[in-house]
Amino acid sequence: MCHVLILAAGKGTRMKSALPKVLHRVAGAPMIDYVLAASASLGAATTTVVVGHQADALRAALGAHPDLRFVLQEPQLGTAHAVRQAAPLLAGLGGTLVVLSGDVPLLSPDTLRTLVARHEEARAAATLLTAVVDDPTGYGRVLRDGAEVAAIVEHRDASPAERAVREINAGIYAFDLGPLFPALDEIASDNSQQEYYLPDLVGIYRRAGRRVIAIPVERAEETLGINTRAELAAMSARVWQQRREALMASGVTLEDPATTYLDAGVSVGPDSVIHPGVHLLGRTRIGARAVIHGGVRIVDSELSDDVKVLDHCVIVGARVADGASVGPFAHLRPGSDLGAGSRVGNFVELKKTHLGAGSKASHLAYLGDATIGEQVNIGAGTITCNYDGERKHPTIIEDGVFIGSDSQLVAPVRIGRGAYVAAGSSITKDVPEGALGIARGRQENKEGWARLKKLKQMTEKKS
Ligand code: UD1
Ligand code: CA
């Protein structure tokens, strides 16, 4: 039976931030989300997060994980001190405790499962993940005694010879719960930071004749920690690049991969083409043969096959059916629902609006809280006046309606099937099926008016 403890109480001093370090986003998601996702694969009996710096913000941010338990570390006196805070929850239990760092996000589920399996097979008191890296600066160095680990020395406490060691401590451990908490009490803070270092447990166990083993990971990048904003940016770049490559491998063309930004849950169908500068975020799903032009941001939306999105659109919480076309410069807000083959053009904004199959709103319109049927034409400059200052009201436009340009539809209002609304109308009453609704000042032409005006001006000048 295994338990998980995630260390996330540290101040993250080097981030120079008011936000807890583990909530900084790696490729769009808080770094601790990656750690939680990897740890979920262990199916642990309990998962506990050690919080401290900005504890309330962190607890609140993790509210979506009802099974998590929290312990408070206050003040934060180092990683061993952090683990010790979990004693009331974990001391006295048997089995394996997996300790994860909230700032090491790329750890894979496979590596974690290997860690636990090897630890339990070896019946070790402690097992740590290590990596051999080109630049070990900042990490704890693994000092070996043959196959066994003799000690770990932190970068700032290491001698030049020790700093030359390129095998680093990943900060990820499996411990036998039995001897753990008594041994933690033996750790001192006689180091450059006056902190209680969890890796010091290695030396203590060795002296007590207990078994400590180290497992080098195959892919060193899994052990990368984030301590600075530069490391955060480098990590995001790495994760985005992996997602881009996966998408391209699945048959999607990215014209400029480096400027395509993808969240983890995004899917795109084969033979779709994504132009430069596109963000596909949240739970966005795009079908096959779609074309997404430059400067487009799509969040939590579903676009079907053969959809075209022209440049500079923002699409949030929307659905777009087969073959529809959006943009350029369109804004689909939450609850927008475009039927097959429909078209939303330049400077058109939709909110909570269904636009039926084959219908068009090609230029300059606001359509909010509207239900629009099929084969409807919404003229340029049409506005649904859905808000009376207190409440929102619906507009219903039935199949085959033609709304002339520059019309206002004051909701609640219904335009019946096949009806016309004359250009420039302010419609305040329902228009029945097949009727023409016209609501504008009548035009009057004053014959010869311009010539008379000129004559009048000339006589005024003479006098
Ligand atoms: C730690 C290890 C180092 C290892 C590196 C790997 C120690 C002393 N050193 O160094 O050997 O190579 O990770 O990334 O453990 N935390 C707390 N409470 C504290 C201090 C830290 O919860 O009092 C948490 C932090 O929020 C963080 C994690 O522990 O998630 C690691 O702390 P950090 O200060 O980043 O340790 P490193 O210096 O990176
Ligand atoms: Ca760290």
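**Ligand 1: polar contacts.** I looked up Asn227 and found one of its polar side-chain atoms 3.4 Å from an oxygen atom of ligand 1. I counted a polar contact as a pair of N or O atoms within 3.5 Å; within protein, one must be able to donate a hydrogen and the other to accept it, and residues adjacent in sequence count only if both atoms are side-chain atoms. For Glu154, I read 2.7 Å between a polar side-chain atom and an oxygen atom of ligand 1. Gly102 takes part through its backbone, with a polar atom 3.4 Å from an oxygen atom of ligand 1. I then noted that ligand 1 taken alone exposes 750 Å², of which the protein buries 90% (Shrake-Rupley method, 1.4 Å probe; for residues, only the protein chains shown count as cover).

**Basis.** This is a predicted model, in which local features need pLDDT of at least 70 and side-chain atom pairs count only at pLDDT 80 or more, while totals for chains, interfaces and linings use all residues. Residues are numbered from 1 along each chain as its sequence is written, chains are lettered from A and ligands numbered from 1 in the order in which they are written, and side-chain values use heavy atoms, with hydrogens and water left out.

**Ligand 1: shell.** I listed 23 residues around ligand 1 (a heavy atom within 4 Å), and Gln73, Gly78, Thr79, Glu154 and Asn169 come nearest. I sorted the residues of this shell into nine nonpolar, 10 polar and four charged (Ala, Val, Leu, Ile, Met, Phe, Trp, Tyr, Cys and Pro count as nonpolar, Asp, Glu, Lys and Arg as charged, and the others, Gly among them, as polar).

**Cis peptide bonds.** I found a cis bond from Gly327 to Pro328, with omega near 5°. Pro328 is in the loop between β24 (325–326) and β25 (331–332) (strands are DSSP runs of E, at least two residues, and helices of H or I, at least four, numbered from the N terminus). I also noted a cis bond joining Ala411 and Pro412, with omega about 0°; Pro412 lies in the loop between β35 (408–410) and β36 (413–415).

**Positive phi.** Most residues other than glycine have a negative phi. I noted Asp306, not a glycine, with a positive phi of about 60°, in the loop between β20 (302–303) and β21 (308–309). Gln375 has a positive phi near 50° and lies in the loop between β30 (370–372) and β31 (377–378).
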